[in-house]
Amino acid sequence: MTRRASFHRSMVLVAVIAATATACTIPPQRMVGTGDVVVDRQRIMKLQGAAFADLQEKFKAGNIAGIAVDAEVLSITALQIPSLFPEGSLTEASRVKPEVWQRWSEFEASAKNLAIWSERLRDASKAKDEKAVADIMKDYGRVACGSCHTPFRVPPPRS
């Protein structure tokens, strides 16, 4: 093998290694969405608000088993929350406080807390355990939703 061929193969190998290393270090892109993270997170939050309102209505109506679907939506979407708040996504269109990024681990824990409470509610609902559902619902809004909204969201304007 000539020096030139050996050099050429070495350069190709370096290029392949560099391309592989780059591909392995680029974070995966979110699979769904509009491409505008603020719009996407507002859509998720509206979905969560609708699911919470729906499960409150079902609870008031005594439809304990029906709560499970909405609790599952809240649980699944809660797991997506941190990915919807990348650094630098604070805009005028969003009611997010900068504390999200300043206290990131607490923010992530709040999203996980929402998922845990939603899973508990889902499981109690599926078991048709009226007492457990009532106990969870008594504190759900304050503990599950409020643990994030209170420290990390600018309150809506009073009308």
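Mentor: Happy to! One term comes up at once: a residue is called buried when its relative accessible area is under 20%. Please keep in mind that the model is predicted.

Let's take helix α2, which covers residues 37-61. Its 25 residues reach 36 Å from the first C-alpha to the last, close to the 36 Å expected at 1.5 Å a residue. At the start of α2, the backbone nitrogen of V38 has a side-chain oxygen of D36 within 3.1 Å. After the other end of the helix comes G62, with a positive phi near 85°.

Now for the buried side. In α2, the buried residues are V37, V38, D40, R41, I44, Q48, A51, F52, L55 and K58. An α-helix has 3.6 residues a turn, so residues three or four places apart point the same way. With that in mind, look along the list at I44, Q48, A51, L55 and K58, which are among the buried residues of α2. As for partners, the buried residues of this helix pack against α3, α5 and α6.

That packing leads us to the largest nonpolar core, a group of 30 residues in which F85, L121 and Y140 have the most contacts. At least two residues of this core come from each of α2, α3 (67-80), α4 (99-102), α5 (104-126) and α6 (130-152). The largest share, 8 residues, is supplied by α6. In soluble globular proteins, nonpolar side chains tend to be buried together.

L121 sits in helix α5. L121 counts as buried because its relative accessible area is 0%, and the cut-off is under 20%.

For contrast, look at the loop between α5 and α6, where K128 is found. K128 counts as exposed because its relative accessibility is 59%, and exposed means over 50%. Phi of K128 is near 55°, a positive value in a residue other than glycine.

How values were computed. Residues numbered from 1 in each chain as written. Predicted model: local features only at pLDDT ≥ 70, side-chain atom pairs only at ≥ 80, totals over all residues. Heavy atoms only, no water. Core = buried A, V, L, I, M, F, W, Y, C linked by side-chain atoms within 4.5 Å. Buried < 20%, exposed > 50% of the residue type's maximum accessible area, 1.4 Å probe, protein only. Helix = DSSP H or I, 4+ residues; strand = E, 2+ residues; numbered from the N terminus. Expected span 1.5 Å × (residues − 1). Contact = heavy atoms within 4.5 Å. Polar contact = N/O pair within 3.5 Å; in protein donor to acceptor, adjacent residues only side chain to side chain.
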